Amino acid sequence: MSPVLQPGTVAELAEAVRAHPAVLAVGAGTKPRLAEMRNGCVGISTRKLSRLVEYEPDEFTFTALAGTPLAEVTAALTAKGQYLPFDPPLAAAGATLGGTVAAGLSGPGRFRYGGVRDFILGVRFVDGEGRILRLGGKVVKNAAGFDLPKFFVGSLGRFGILAELTFKVFPRPPAALTLRLPLAGAEAAVAIFAAVGRARWEVDAADLGPDGEAVLLRLAGPAGALPALAQEILGRWPGEVLAEEVATRTWDDLTAFRWSETFPYLGKVVLTPAQLPGLLGAVKTLGGRAHVSAGGNVAYIALPAGADPAGLGRPVLTLRGAAPLWIRPAPVPAIAAAVKFALDPSGRFPALG
Amino acid sequence: MRDDALSRLAGILPPDRLLRQPAQLAAYESDALTAYQASPIAIALPETTEEVVALVRACREARLPFVARGSGTSLSGGSLPVAGGIVIALNRLNRILRLDPDERTAVVEPGVINLAVTAAAAPHGLYYAPDPSSQSICTIGGNVAFNSGGAHCLKYGMTSNHVLGIKAVLATGEVVEFGGASREQLGPDWCGLFTGNEGLFGIALEITLQLLPRPECYHTVLAGYRTQEEAGNAVSAIVASGLLPGAIEIMDALALEAAVAAVHADYPPGCEAVLIVELEGPREVVAADRGRLDAIIAASQPVEARPARDAAERLAIWKGRKSAFSAVGRLSPDFIVQDGVVPRRRLGEALRRIAEMTREAGLRCANVFHAGDGNLHPLILYNGRVPGELARAEALAGRILRMCVEMGGSITGEHGVGVEKREYLPDMFNPEEIDCLKRLHAAFDPLQIANPGKMFPGGSAPALATHGLHPLEKAGVISRE
Ligand SMILES: Cc1cc2nc3c(=O)[nH]c(=O)nc-3n(C[C@H](O)[C@H](O)[C@H](O)COP(=O)(O)OP(=O)(O)OC[C@H]3O[C@@H](n4cnc5c(N)ncnc54)[C@H](O)[C@@H]3O)c2cc1C
């Protein structure tokens, strides 16, 4: 078992980085494969770096330490009628804000207004030399300097350890309605995603549930406006409006990856809707399940023991399971190595690839 | 050295696409920050991405500085040439390579005009959301380099939020493909890092953009107020209500006067400020929200509130707003546009202090701004022929920027640092942070040949022209009408 440090302040975090030649930041460990360490590597937990530092509802912004649980952020925002529209996943399991950024994970709500990359405004982080640096801004709009905050989304702790994050938030729509449209096959889902993406309804989420038997659409907005929109959609495709508790549970189960719990392996794949039928075919061959989100732009794939994720035929990021972190990764361009050297010259954080 | 470099370039482009005559070069000496000029040694007009790659690699071998250029509408000196270097003008790479209505994406070359993307998407019920006021002339390549904004950023974000993929030639000569056609990605967000690089990383060759469904319905209200403070209070009330308007804009008295003179815009009389608020979405949603918005505006006691009754009235409201920069330009021989951001709750205070500082400087300043996201656009009027006025205008601009940083905001919301604001970067970032940005810069451009001297303090100062029109205006290509 590698040791895990628990700095209590940002200064201690920087000290911990300087004190060890090989470190990996870990949050709550809800994406276990991302927190796995090779021998000799010291884990630095953000557990004690947990605090909502500033929240300005009138500015649509908040700043929190990286180890702050999403659930805590969400509760503070909900109390003021606001939210992070991209439904950050694994909140119920204890996922932290910093872990969500480093893993680059967004939930179903990313369909309408974008994902974690579209709401991050600023970061304070520790680079490979142990320097505490703040880049980006604390206001909803800022174009000064290179956009390093965005770059940290999906960076998996390879370029720095996140200490504090500033996000943009939106007012929470007063009501939501979820539609379940049963399906004949993956092609039908692709057709619905295409039609919904262009339609006047402005749906909030468009997912394909893990059994592949129904598309789930969520409408969000003023309560009075939603039934008419729902009726129009149901006039186009057969289906039903889910009762509120059922809808809440359905989305909560998806953002918690509950449907994947009986499988040892969980991975993330990005795709375009047209690639959906091929991918689902491969998942079936491997005996797995998939939750397709964001209108067919991302899929979370669970596989049984013994199934090789390489059989999916495309790059996969392993979130859980005994498999390489990257399956079929794209080649690392020279610029990636140069940027890695710029931020982490002595290679304290894990290598790329 | 220079001749050697030029002969390399001559091996890539035919003579009619490698401009060398002083008269031809003159048209590229400035961008829309007309106070600055610099003379390039040649203008390259590539027509294919292969030619761009070859040009960049030749520049690298010859250590010849290059500045990528779209339409030259940068307001911060971003596309100002580097003396002794070349300009790579990308206007001829203006093809929309693919448009997929089902996946709602478009792949475009960098010289495609912003509005042309929406024009191509419109038959499919789609549009390209970022809408800088210059959208009928500026290019996607320029938008990407500056992470340009527009009137609808509060709800839809900036250019960066709509760029899914970028193929680029870096200043090292490496050709890379960041992101792709999917809205999601694996691994670090390279597209996000490249967007907003201000031309310092290399040249974008192909950009994949996300398209959105065109909102079915709008409710656009123009409300006039006796004081700026009242208009500011109305913004606060709207934001606090939980509504998410597509745009919240304010124009002050001087900007209104200019818009009236330039495009015969019609505003309620006796107003110190006009507020424009727009709701958009499905008709049922707009119908449900408009009552709330109208009530908030009524309660804010405007002199008059005018909801647009039809598409023509809506367009008229936006025409007045979007022509404001050029309209103000007609009030004065010269002007500088500032772009600082302040926390929204401090807008009123910021405007009061700008008014005071302007009075102290003995100048005039019009304010047209994105109130929804606290992004100010003070337009500082000056006459470059009056000795000392440019220096006073620049000093005032600097005081305004420092005020924005002190209030917890930013020196630039959407126009970029460029040449104009590079001395103010240290107001936002400490020396270690600037060092970090410089290391990143060096990773992309170790030889410092891509748009050198921009963004970072201490670059060599280009020649200051104290007066004059934009080179494209001189050439009759654009006008401030
Ligand atoms: C009247 C007016 C109104 C404006 N309104 C707005 C507004 O509302 N919002 C806003 O954000 N801006 C606005 N601007 C500023 C300007 O239009 C934007 O910055 C725009 O994106 C510049 O586009 P361009 O094609 O003119 O680029 P240029 O000025 O030619 O270049 C801008 C920068 O991009 C770089 N560049 C250009 N092409 C490429 C490429 N292919 N690859 C890499 N780098 C490249 C250049 O080197 C330069 O640094 C306005 C300007 C004017 C004159």
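# Briefing: ligand site, chain contact and domains

In this predicted model, 35 residues surround the ligand, and the closest are Ala68(B), Gly70(B), Thr73(B), Ser134(B) and Thr139(B). Chain B also meets chain A, with 83 residues of chain B in contact with 71 residues of chain A. Chain A is divided into domain 1, domain 2, domain 3 and domain 4, and the assignment for chain B likewise gives domain 1, domain 2, domain 3 and domain 4.

**The ligand**

- Thr73(B), one of the closest residues to the ligand, has an N or O atom in its side chain at 2.6 Å from an oxygen atom of the ligand.
- The side chain of Ser148(B) also has an N or O atom facing an oxygen atom of the ligand, at 2.7 Å.
- For Gly78(B), a polar backbone atom is 3.0 Å from an oxygen atom of the ligand.
- On its own the ligand has 980 Å² of accessible area, and the protein covers 95% of that.

**Chain B against chain A**

- About 6,500 Å² is buried between chain B and chain A, and carbon and sulfur atoms give 60% of this area.
- Glu184(B), Leu186(B) and Arg439(B) together supply 11% of the area that chain B buries against chain A, which is more than any other three residues.
- Twelve salt bridges are found across the interface of chain B and chain A.
- In a salt bridge between the two chains, the side chain of Asp189(B) meets that of Arg117(A) at 2.6 Å, N to O.
- The interface of chain B and chain A also has 33 residue pairs in polar contact, with both residues at pLDDT 80 or more.

**Domains of chain A**

- The bounds in chain A are 4-44 for domain 1, 49-171 for domain 2, 173-256 for domain 3 and 263-337 for domain 4.
- Taken over C-alpha atoms, the centres of domain 2 of chain A and domain 4 of chain A are separated by 25 Å.
- Eleven residues from domain 2 of chain A and ten residues from domain 4 of chain A take part in the contact between these domains.
- Domain 2 of chain A and domain 4 of chain A bury about 680 Å² between them, with 68% of it on carbon and sulfur atoms.
- On the side of domain 2 of chain A, Leu105(A), Phe111(A) and Leu156(A) lose the most area to domain 4 of chain A, together 47% of what that side buries.
- Between domain 2 of chain A and domain 4 of chain A there are zero salt bridges, while two residue pairs are in polar contact, both at pLDDT 80 or more.
- The residues of domain 2 of chain A that touch domain 4 of chain A comprise six nonpolar, three polar and two charged.

**Domains of chain B**

- Domain 1 of chain B is assigned two segments, 2-91 and 439-468.
- The other bounds in chain B are 96-213 for domain 2, 217-326 for domain 3 and 332-419 for domain 4.
- Between domain 1 of chain B and domain 3 of chain B, the C-alpha centres lie 41 Å apart.

Notes: Residues are numbered from 1 along each chain as its sequence is written. Chains are lettered from A and ligands numbered from 1 in the order in which they are written. This is a predicted model: local features need pLDDT of at least 70, side-chain atom pairs count only at pLDDT 80 or more; totals for chains, interfaces and linings use all residues. Side-chain values use heavy atoms; hydrogens and water are left out. Domain bounds come from an automatic or database domain assignment. Contact means heavy atoms within 4.5 Å. Buried area is the accessible area (1.4 Å probe) that two parts lose on being put together, summed over both. A salt bridge is a side-chain nitrogen of Lys or Arg within 4 Å of a carboxyl oxygen of Asp or Glu. A polar contact is a pair of N or O atoms within 3.5 Å; within protein, one must be able to donate a hydrogen and the other to accept it, and residues adjacent in sequence count only if both atoms are side-chain atoms. Ala, Val, Leu, Ile, Met, Phe, Trp, Tyr, Cys and Pro count as nonpolar, Asp, Glu, Lys and Arg as charged, and the others, Gly among them, as polar. A residue is near a molecule or strand if one of its heavy atoms lies within 4 Å of it. Accessible areas come from the Shrake-Rupley method with a 1.4 Å probe; for residues, only the protein chains shown count as cover.
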